[in-house]
Amino acid sequence: MRSPVPDYLADVLDAVRSIDDGAPADYIEVLAKADTSRLAVALATVDGEVYVAGDSDVAFSIQSISKPFAYAAAIEDVGLDAVLARIGVEPSGDAFNELSLDDGTHRPMNPMINAGALATHALVAGPDASGPQRVERLRALMSAMAGRELGYDEAVYEAELRDAHRNRGLAHMLRAGGIIHAEPETIVDGYVRQCAVSVTVRDLALMAATLANAGVQPLTGRQVISRTGVRQVLSVMTTCGMYDAAGDWVSNVGIPAKSGVAGGIIGALPGQLGLAVFSPKLDAHGNSARGVAVCERLSRDMGLHMM
Ligand code: DON
């Protein structure tokens, strides 16, 4: 692996800056107004070295990148078997917000699409947890992985909650199918909060590096997720993390990853590093257009592909 010096990362950002494809997510009012010139990258090694370039201090909402961390929390809190009984692990090939559950079992296809993420959220902190307990469990876990206390982007939370009708529809389908037992509205509220956690690329690279480091946060040395949990999370990120672009991603970049509609992407290469990129304009699959280009370049230059 070539040394990821800051000048190199700045050069990679300069090389993709002219890409102007796509548009920011428009279904959440606040995200539609994002500054589309923003571009940032961070790498965190499993030894705790962190390298950043570009707008690395700019905070944005974590969105769907929270899904693998919520999945990890659910596995820790109720056990893998109980999670698998309610949520599958097969790629759906559909959009992230597809209104579909398995015909026979009513299980969502996987925890990275919204149906599966809502079902996952309902398992966090155990069967008797309250809405605020689930929300705080997730904020605390993501903070432990980032190595600092994370807060929320309240404007994103409020804007998304106002318009969360599709997720409400999914939560009611999950309740009708017996997959969740809590009030659908409480689950949607908690899930929208989970998505509104505010992060920088530095935070996300350290969270990804924690996955790459078998659940041990590289700076604090704390085991925040079990090895079993990490293995399951990275497996599902590999097959389902980039939605219907998962095949292109695995071919071109070749590391477990997850994207979010605010324009963030994380990647975790076991035993080596976590990476994070941010740029708000999304491609047709809902993944950051410049972010994908940065990751393809890093993978090629640094030999990150797992094959
Ligand atoms: O459920 C939603 O609509 C969002 N809060 C999260 C979506 C998301 O980030 C999808 N990923 N690319």
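## Ligand between two domains

The ligand lies between domain 1 (6-63 + 198-302) and domain 2 (64-195), because both give residues to the shell around it. These bounds come from an automatic or database domain assignment. The structure is a predicted model: local features need pLDDT of at least 70, side-chain atom pairs count only at pLDDT 80 or more, and totals for chains, interfaces and linings use all residues. Residues are numbered from 1 along each chain as its sequence is written.

Gln63, Ser64, Phe96, Asn97, Asn114, Glu160, Asn167, Cys195, Ser259, Gly260, Val261 and Gly286 surround the ligand (C-beta atom, placed from the backbone, within 6 Å of it). By class, the shell has three nonpolar, eight polar and one charged. Here Ala, Val, Leu, Ile, Met, Phe, Trp, Tyr, Cys and Pro count as nonpolar, Asp, Glu, Lys and Arg as charged, and the others, Gly among them, as polar.

The C-alpha centres of the two domains lie 20 Å apart. Domain 1 puts 41 residues into the contact and domain 2 puts in 36 (C-beta atoms, placed from the backbone, within 7 Å). On the domain 1 side, helix H11 (227-240) is among the elements that supply at least two residues. H11 gives the largest share, eight residues. Helices (H or I, at least four residues) and strands (E, at least two) are DSSP runs, numbered from the N terminus.

Strands S1 (residues 40-45) and S2 pair in the antiparallel sense over five bridges; pairing needs at least two DSSP bridges. Leu43 has Tyr51 in S2 as its bridge partner. Four residues separate the strands of this hairpin, and Gly48 in the turn has a positive phi of about 95 degrees.

Terms used
Two residues are in contact if their C-beta atoms, placed from the backbone, lie within 7 Å.
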